[in-house]
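Student: Could we go through this model together? I would like to begin with the charged side chains.
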Amino acid sequence: MDLAAGQSWTYQAPAGFESSRLLIGAIASFADRGSIVCAAAIHAPRRHTDGHIEVVTIPFLPMTEAAFRASVIELDGAADLPDAFAEHLQAWSNDPKGLTTFTVPFYGFLDQMVAQQMAEIAGLSAA
């Protein structure tokens, strides 16, 4: 299936968060890096240190196309992006660190995604 800005996708969300969606805001293509899907997650869970979980919007998730495709299940129509998406896209585009991108799938919890990404980086640098 072709990916396009404005699409809403179901993904492998945790139980109880089936209404959460990944929304594509932009797709950036680079000759040396392939495509990067700049998405947002709506109705995603966030676990606090005391254990309670709240529903949040993650306004910006830059992912490789492979990571995005590994995350999603089914196209679910179109949706409006969070208001903060454009601001975050601009900041990411101008980041002097060089367009940092997740290479691991998103399964609902951003902290778990970050931990998985760090483990992947540590594994690659140790090899």
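Student: Is Glu54 buried, partly exposed or exposed?

Tutor: This is a predicted model, and in it Glu54 is partly exposed, with a relative accessible area of 26%.

Student: Which side chain meets that of Glu54 in a salt bridge?

Tutor: The partner is Arg46, at 2.4 Å from N to O. Arg46 is partly exposed as well, its relative accessible area being 42%.

Student: How many salt bridges does the structure hold?

Tutor: The structure holds 3. One of them joins Arg21 and Asp76, whose closest N and O atoms are 2.6 Å apart. Arg21 belongs to strand 2 (residues 21-30) and Asp76 to strand 5 (residues 72-78), so this pair ties together parts that are 55 residues apart in sequence.

Student: What does Arg69 form a salt bridge with?

Tutor: Arg69 pairs with Glu65, with the closest N and O atoms 2.8 Å apart. The two residues are 4 apart in helix 1 (residues 65-71), which means that about one helical turn separates them.

Student: Changing topic: where is Thr101 found?

Tutor: Thr101 is in the loop between helix 2 (85-93) and helix 3 (110-126). Thr101 counts as buried, at 14% relative accessibility. Leaving out residues up to four places away in sequence, its contacts include Arg33, Trp92 and Gln117.

Student: Which residues does Val55 touch?

Tutor: Beyond residues up to four places away in sequence, Val55 touches Phe17, His43 and Ala44. Val55 lies in strand 4 (residues 53-64) and counts as exposed at 52% relative accessibility.

Terms used:
Residues are numbered from 1 along each chain as its sequence is written. This is a predicted model: local features need pLDDT of at least 70, side-chain atom pairs count only at pLDDT 80 or more; totals for chains, interfaces and linings use all residues. Side-chain values use heavy atoms; hydrogens and water are left out. Buried means under 20% relative accessible area, exposed over 50%, partly exposed in between (1.4 Å probe, protein chains only). Contact means heavy atoms within 4.5 Å. A salt bridge is a side-chain nitrogen of Lys or Arg within 4 Å of a carboxyl oxygen of Asp or Glu.
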